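Subject: Two-chain model for you to look at

Hi,

Here is the structure I promised to hand over. Please open it alongside this message.

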Amino acid sequence: MPLDLIVNVVVAGVLTGLVYGLMALGLSVIFGVVRVVNFAHGEMMTVAMYATVLLFAAFRLDPFLAVVPVAAAFFVLGYALQAGLINPFITRPEHSQFILLVAVAMIMVNVLLVVFGPDARSVQVDYQLESWALGPILFDKARVYAASLALATSAALFAFFRFTLTGKAIRACADNWLGAKVVGLDVKRYYALTFGLGSACVAVAGCMMVLLVDVTPQLGPAYTLLAFVIVIVGGLGSLTGALLGGVLIGLSEALAGLFIAPSAKSMFSFGLLILVLLLRPQGLLGKKS
Amino acid sequence: MSFDRRRFNQTLAAATISSLAPFGIVRAQSSKLKVGVLLPRSGVQGFIGQSCQKGADLAPAVLREMLGVDIELMNADTESNVDTARTRAERLIQEGAHVLVGAFDSGQTAAIAQVAEQRGVPLVVNVAAAPQITEQGYKFVFRNFQTAIDLVRNGLDLIGDLFLATHTVPRTAVYMHVNDTFGQAMTRGIGALLPRRTQLPFKIVDTISYDPAARDLTVEISKAKASGADFLLLVCRLNDGILLRREMVKQRWNPMGIISPGSPGMYEEQYFKTLGKYSDYSISNVPWYNPKAPLTKIVEKAFLKQNPKDKMVFHALNVGFTFEALLVAADAYKRARSTDPKTLADAIRQTNITSKMTLGAPIKFNAKGQVEGIDSACVQNFGGIPRVVLPAAAAETKPVFPAPYFKKT
């Protein structure tokens with residue numbers, strides 16, 4: 001097998017993996033703090049993709065520029081969702097939270113179907129089908145941009161949680177809910193803030209994802225599942241774990257496609273998931289509970 | 001003769017029955033044929049399902065005009081899912097469908113065929129190529145579409161004609177196919193027929209199958225490009241066809257051309273809309289409509305009335321075969337004068353429609369419920385429009401092969 005083929009596939013796998021990691025970042029942030037598993041994650045990303053498509057259709061706004069308004073809108077949406085709907089469920093059994101978010105996901109899919117119909121929609125920008133060549137190695141421009149944004153978003157989130165007072169307060173709420181309340185932190189407000197941040201991450205992922213795949217209302221569940229696989233492999237609640245999980249899944253799918261059978265690619269990401277669950281149940285970078 | 005109470009009651013009953021009889025006749029004459037139309041109008045095949053639906057939607061008015069038959073459509077969305085297709089078929093029959101039409105996808109159609117056979121309701125397949133659908137000994141399943149083996153046979157023969165017409169001799173092909181019921185049936189057909197087509201100058205150097213719901217086909221195209229093949233032999237659907245073409249552009253892989261030996265995707269409107277200039281020169285050897293047939297003119301007029309901003313050429317195969325499936329049902333109903341499923345099935349078996357829209361022999365079902373002699377055309381994309389380039393008798397323009405973008409890998 002030619003070496004340049006292997007290198008090209010590895011490059012594509014890593015870039016795709018970083019995009020996957022960006023998608024899973026929001027899920028990991030929300031779970032890491034609020035301890036609620038967002039079963040509407042993929043559907044939220046689908047809504048963000050539609051928002052990007054609409055902005056492009058209406059104003060020819062490049063998906064990279066659309067990141068700002070879409071992420072801001074999703075921050076508000078996420079904040080409102082947590083404050084108005086999810087906060088009352090925080091102390092309820094996990095199955096109630098699960099059903100609540102599945103219901104939210106179903107409503108999102110059906111509203112999208114009603115509003116946009118089942119048609120696939122996409123944006124068409126100049127760089128979408130372009131690539132850079134470094135000798136025989138090709139770098140897909142859209143993937144490079146999306147991967148760079150994934151790294152930048154992760155770094156920004158990391159800096160926010162590490163160096164800002166609000167970020168430290170959110171971490172305090174995540175580490176010790178009761179202790180945070182005792183020292184006077186408004187825990188539910190910080191939860192809403194976190195859900196808003198997680199939703200903004202989902203929005204960034206949606207804006208980038210629309211460069212790579214056409215969006216349909218039914219796209220969500222597959223991406224919810226993929227995001228789960230990634231964060232479980234990387235470690236629920238870990239930002240770097242989400243990126244690492246994404247890269248591992250992207251790379252394993254690419255290599256499995258190259259060396260075994262392309263149609264069996266997703267089998268290997270689930271195989272990896274089982275392996276991690278057996279050997280390191282908390283995920284590669286997750287903390288033991 | 002005494003006229004006692006018993007006799008009075010008998011007379012009254014007889015009078016009542018005889019007075020109601022004419023209304024009964026009128027009801028039988030004015031009853032509609034309820035046709036359950038099952039199509040994947042959402043999900044991964046949503047676009048094609050909706051395209052087929054256009055053929056169903058225009059049928060009642062056209063068939064009323066042509067045959068004087070009233071049809072009531074009962075539409076159901078299979079959501080591109082085999083299980084949903086099965087349950088929707090059950091529901092349509094419970095709700096009173098006299099005949100089913102559908103369902104574009106082989107897997108979904110096979111599931112619906114089982115239901116139709118169990119419940120004794122005729123199914124007229126519009127589009128679905130898996131041979132097993134008419135190989136099960138079913139009595140209520142009829143198909144006016146090529147089987148995968150016919151698609152491949154016609155598709156490969158047209159590839160030979162294409163090379164002759166363009167004086168090209170490609171030596172190698174990489175074969176890519178979607179890994180679903182249809183894709184596997186086509187692959188078996190190619191495996192069986194290609195070695196016997198000694199006039200074809202090429203051999204397949206690599207076979208790559210991929211998931212029909214794939215989100216990313218980077219690796220697949222990397223492998224195909226690395227094969228160094230002269231052209232891409234492709235069995236795809238719509239969404240994956242678009243993904244593949246995009247990835248070919250990104251990876252700067254410019255083979256002599258992309259040729260489908262009989263699959264959907266590359267002649268669909270969305271393929272043109274999404275890919276723009278990159279949709280050009282793709283070739284599909286598929287069953288197609290005859291643009292010169294009188295029925296085509298009638299259907300096209302009805303199509304434009306219902307879809308004034310659309311062009312029928314983007315829906316040619318889907319509209320043509322879906323309309324013809326409804327034509328088969330309406331024609332049988334007209335002859336049977338009954339909505340009884342068994343009587344309808346018997347009438348469908350006797351079908352002989354010579355004035356048809358699609359290319360090929362008249363619509364006549366063999367003992368297995370299969371129409372034989374349906375022809376394919378070689379359709380190539382030019383300037384955002386699919387055009388017939390072969391056979392020469394039906395050609396609208398000349399084929400271009402290799403494509404102008406061709407560069408040796």
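Below is what was found in it.

First, the ground rules. This is a predicted model: local features need pLDDT of at least 70, side-chain atom pairs count only at pLDDT 80 or more, and totals for chains, interfaces and linings use all residues. Residues are numbered from 1 along each chain as its sequence is written, while chains are lettered from A and ligands numbered from 1 in the order in which they are written.

Where the chains meet

26 residues of chain A contact 26 residues of chain B. Contact means that two C-beta atoms, placed from the backbone, lie within 7 Å. On the chain A side, α1 (3-34), β2 (137-140), α10 (239-259) and α11 (265-279) each supply at least two residues. The largest share, 5 residues, comes from α1(A). Helices (H or I, at least four residues) and strands (E, at least two) are DSSP runs, numbered from the N terminus. By type, this side of chain A has 13 nonpolar, 9 polar and 4 charged residues. Here Ala, Val, Leu, Ile, Met, Phe, Trp, Tyr, Cys and Pro count as nonpolar, Asp, Glu, Lys and Arg as charged, and the others, Gly among them, as polar.

Domains of chain B

Chain B is assigned domain 1 (29-146 + 291-375) and domain 2 (149-288 + 377-394). These bounds come from an automatic or database domain assignment. The two domain centres, taken over C-alpha atoms, are 27 Å apart. Between them, 22 residues of domain 1 are in contact with 24 residues of domain 2. On the domain 1 side, α2 (46-67), α4 (106-119) and α11 (316-336) of chain B each give at least two residues. That side divides into 14 nonpolar, 6 polar and 2 charged residues.

A buried helix

Helix α8 of chain B covers residues 238-250, 13 residues in total. It reaches 19 Å from first C-alpha to last, close to the 18 Å expected at 1.5 Å a residue. The expected span is 1.5 Å times one less than the number of residues. 12 of the 13 residues of α8(B) are buried, so the helix is largely enclosed by the rest of the structure. Among the buried ones are B:Asp240, B:Arg245, B:Arg246, B:Glu247 and B:Lys250. Buried means 20 or more other C-beta atoms within 10 Å of a residue's own, exposed means 12 or fewer, and partly exposed lies in between; C-beta atoms are placed from the backbone.

Backbone points to check

Most residues other than glycine have a negative phi, and most peptide bonds are trans. Just after α8(B), B:Arg252 has a positive phi of about 55°. B:Tyr281 also has a positive phi, about 75°. B:Tyr281 sits in the loop between α9 (269-275) and β10 (283-287) of chain B, and counts as buried with 21 C-beta neighbours inside 10 Å. In chain A, phi of A:Arg35 is near 60°. A:Arg35 lies in the loop between α1 and α2 (41-59) and is partly exposed, with 15 other C-beta atoms within 10 Å.

Two peptide bonds are cis. B:Leu390 to B:Pro391 has omega near 0°, and B:Phe401 to B:Pro402 has omega near 5°.

Best wishes
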